[in-house]
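What follows is a guided reading of one model, moving from charged side chains to the packing of helices. Please keep the structure open beside the text.

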Amino acid sequence: MTDTGGTGAPVVYLNGSYASQRHWRPVIKDLGPGWRHITYDERARGKSKKSADYSFEAVVRDLDAVLKARGVERPLLVGWSYGALLGVVWAARNPDRVAGVVGVDGPYPYGWTDEARHEHIRRLFHKLRWAMPMARLVGNAARMSAEQHAEINIESHKIHAALEPVLDSLTVPVRYVVASGEGLGSKDDWQEQMRATLDPVLARNPNLGISAKVASNHGTIVRKDFRAIAEATREVAILTGEGR
């Protein structure tokens, strides 16, 4: 865990499914020292230890533990993909304990619930198992089996599929930075179809909005469009009275 400390508005960064905290460095540099930046690695990611529980609820409990350990109240949550899902779910459950959320290409109210597509996910991660040790070196895979990677992804799909009421219930500012095109393992415009499901929610809930639509894809957005993420963070901070 890293915590820059200070009196600036606290920003807690929530990583992608298997990613480490290292990806946030360009965003933190762009925002600068006027903020309190807090990053951490989820279980079996980055420098964190392995666990017997990799469930989404375990990740929710870990965010609670991080905030308690650092004495943080009403943070801005900046999440990428799985981290964005964590951010909005946590905000919906704790509206009085969060200032706002920045969702980096997520979350969208779309997910696969049928077993045929879940099996597709399992086959994909099985094919990618040989590359995982190399992906870990750059913070893009966890220290867990291909099967465990797949089950995290499948659980995430199920939560996304039931997400619409959660997004409708949000009472804090949420700003999206939306990617373009297809990422690793996606085809037939799957990710663009997923992004389109956000439009009806935006029409219903004025607390949600799109800060930027960027050219990079889901996997490269933090590295290539960190400035847009930093700007979305500033936008949410202004809406909450924490602007810098």
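In this predicted model, a network of salt bridges links Asp105, Glu192, Arg195 and Lys213. Since Arg195 belongs to helix α8 (residues 190-196) and Asp105 to the loop between β5 (100-104) and α4 (115-127), the pair ties together parts that are 90 residues apart in sequence. Arg195 and Asp105 are both buried.

Arg43 forms a salt bridge with Asp62, the closest N and O atoms being 2.7 Å apart. Because Arg43 sits in the loop between β3 and α2 whereas Asp62 is in helix α2, this pair ties together parts that are 19 residues apart in sequence; both Arg43 and Asp62 are buried. In the other pair, Asp168 and Arg204 meet through their side chains at 3.1 Å, N to O, and, as Asp168 lies in helix α7 (residues 164-169) and Arg204 in helix α9 (residues 199-204), they tie together parts that are 36 residues apart in sequence. Here Asp168 is partly exposed, with a relative accessible area of 34%, and Arg204 is likewise partly exposed, at 43%.

Side chains of opposite charge can pair when their charged atoms come close. Asp41 lies in the loop between β3 (35-39) and α2 (56-70), and its side chain reaches the backbone nitrogen of Gln21 at 2.8 Å. Leaving aside neighbours within four places in sequence, Asp41 is in contact with Asn15, Ser20, Gln21, Gly46, Lys47 and Ser48.

Turning to helix packing, α2 and helix α3 (residues 82-93) pack at an angle of about 70°, with their axes 11 Å apart, and the two helices are therefore roughly perpendicular to each other. Among the residues making this contact are Phe56, Val60 and Leu63 of α2 and Leu85, Val89 and Trp90 of α3.

Leu85, in helix α3, counts as buried because its relative accessibility is 0%. Not counting residues up to four places away in sequence, Leu85 touches Phe56, Pro107, Ser156, Ile159, His160 and Leu163. The C-alpha atoms of Leu85 and Tyr108, 23 residues apart along the chain, are separated by 8.2 Å.

Terms used: Residues numbered from 1 in each chain as written. Predicted model: local features only at pLDDT ≥ 70, side-chain atom pairs only at ≥ 80, totals over all residues. Heavy atoms only, no water. Helix = DSSP H or I, 4+ residues; strand = E, 2+ residues; numbered from the N terminus. Polar contact = N/O pair within 3.5 Å; in protein donor to acceptor, adjacent residues only side chain to side chain. Contact = heavy atoms within 4.5 Å. Axes fitted to C-alpha atoms, helices over the stretch in contact; angles between N-to-C directions. Parallel < 35°, antiparallel > 145°, perpendicular 65-115°, else oblique. Buried < 20%, exposed > 50% of the residue type's maximum accessible area, 1.4 Å probe, protein only. Salt bridge = Lys/Arg side-chain N within 4 Å of Asp/Glu carboxyl O.
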